[in-house]
Amino acid sequence: MTEFSLRPNDDHLQIQSWIHEFAVDVMRPVAHEWDEREEFPWPVVQEAARNGLYSFDFAANASMDPTGLTYPIAAEELFWGDAGMGLSIFGSGLAATGIAGTGTPEQVAEWAPQCFGTADDVKLGAFCVSEPDAGSDVSSLRTRAVYDQATGEWVLNGTKAWITNGGIADIHVVVAAVDPELRGRGQASFVVPPGTKGLSMGQKYKKHGIRASHTAEVVLDEVRVPGHCLLGGKEKLDAKLARAREAGHSGQKQPAMSTFEMTRPTVAAQAVGIARAAFEYSLEYAKERTTFGKSIAMHQAIGFKLADMAMEIDAARLLVWRAAWLSRNGGLSRGEGSMSKLKAGEVAVWVTEQAIQILGGYGYTREYPVERWHRDAKIYTIFEGTSEIQRLVIARALTGLRVE
């Protein structure tokens with residue numbers, strides 16, 4: 001087990017500096033533009049691919065860090081630059097994580113690199129779980145996967161909602177019900193390769209925030225994928241389903257939940273990055289803005305607000321780092337991943353709201369970035385498990401009871 005430390009090592013510091021420079025030089029100058037355009041920022045992602053930030057190699061190396069801190073540190077800096085573009089860069093990693101979480105080594109080697117492509121030929125991945133009637137309740141998925149014995153193919157039908165890179169991705173990882181009666185225990189994950197017939201994009205959502213990230217429905221109409229596209233393989237799935245039917249439980253987590261547990265500390269770090277951006281901006285503004293003959297930072301009302309903002313951001317980051325380290329070292333047991341996601345998401349919303357308050361009327365205009373950060377922050381109390389769901393997970397972990 002790797003020793004826990006609050007001090008980033010030299011590799012962490014180099015990565016932090018490298019990504020911060022990318023955020024300053026590439027993301028910040030065009031953040032407002034891409035938010036206004038509400039389009040996928042291909043030039044930014046392509047630049048990230050050219051410098052190695054958007055790549056399978058970076059994702060693989062980051063996930064192997066024994067401290068677990070590479071991803072949170074990278075995410076905080078990237079989302080300090082801009083959340084919408086940051087999610088466009090990080091979105092494919094969720095699909096790759098879904099493949100790595102349940103796939104065989106051969107499937108991971110085949111499909112995960114295709115979620116990123118190369119510096120000269122950028123590809124995208126999408127992880128498809130949520131549905132119009134199944135967001136937080138992932139055990140109620142209606143998307144079906146039926147095995148065609150004659151052809152050895154799986155046939156997928158259904159509609160996925162709120163999917164990052166949905167419909168424009170090259171690789172779609174789809175979580176579907178194989179045995180609906182078993183609810184979450186009867187689900188499996190499938191890779192839908194590029195160009196597969198029957199997969200299409202439904203509506204593209206016009207969002208409150210993270211508008212430079214593409215979010216859309218994914219429609220699956222008689223989508224046929226080869227048997228080897230079932231992550232983990234049919235033999236493993238059949239054994240899991242048999243145990244679930246006979247004993248009433250499978251002893252295994254739902255595919256979607258396994259992926260989200262792995263990514264929660266990184267998602268939480270994204271929220272910390274947004275909060276830090278708003279805090280740093282409002283701090284500088286408060287030191288320069290004067291009223292009644294002195295800097296507004298010298299007024300107790302503002303000074304105390306800044307102190308609380310800094311404290312809450314540090315507290316959130318500490319929970320993120322603890323969860324990331326525990327996740328990598330097998331120590332998650334009390335809902336620590338959910339604690340980090342819950343705290344960081346709510347801190348980001350609160351801090352960005354305080355930033356608007358400090359800037360006053362200017363903070364409410366789109367000429368200043370704090371209103372965009374406030375819009376971006378709100379999603380972190382909703383996606384990958386709402387704040388209410390995180391509290392439910394934590395309560396169940398603490399009590400060992402089925403809190404509902």
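1. Helix α11 first: this helix covers residues 336-359, and at 1.5 Å a residue its 24 residues should span 34 Å, which agrees with the 34 Å between its end C-alpha atoms. The expected span here is 1.5 Å times one less than the number of residues. Helices are DSSP runs of H or I, at least four residues, numbered from the N terminus.

2. A word on what you're looking at. This is a predicted model, where local features need pLDDT of at least 70 and side-chain atom pairs count only at pLDDT 80 or more, while totals for chains, interfaces and linings use all residues. Residues are numbered from 1 along each chain as its sequence is written, and side-chain values use heavy atoms, with hydrogens and water left out.

3. Back to α11: 19 of its 24 residues are buried, so the helix is largely enclosed by the rest of the structure. Buried means under 20% relative accessible area, exposed over 50%, and partly exposed in between (1.4 Å probe, protein chains only). Just after α11, Gly-360 takes a positive phi of about 65 degrees.

4. Next, Arg-317, which sits in helix α10 (residues 300-328). Arg-317 counts as buried because its relative accessible area is 18%. Its side chain makes a polar contact of 3.0 Å with that of Asp-314; such a contact is a pair of N or O atoms within 3.5 Å, where one must be able to donate a hydrogen and the other to accept it, and residues adjacent in sequence count only if both atoms are side-chain atoms.

5. Finally, Glu-33 in helix α2 (residues 31-37). Glu-33 is partly exposed, because its relative accessibility is 37%. Glu-33 and Asp-10 are 23 residues apart in sequence, and 35 Å apart in space, C-alpha to C-alpha.

Note on methods
Helices (H or I, at least four residues) and strands (E, at least two) are DSSP runs, numbered from the N terminus.
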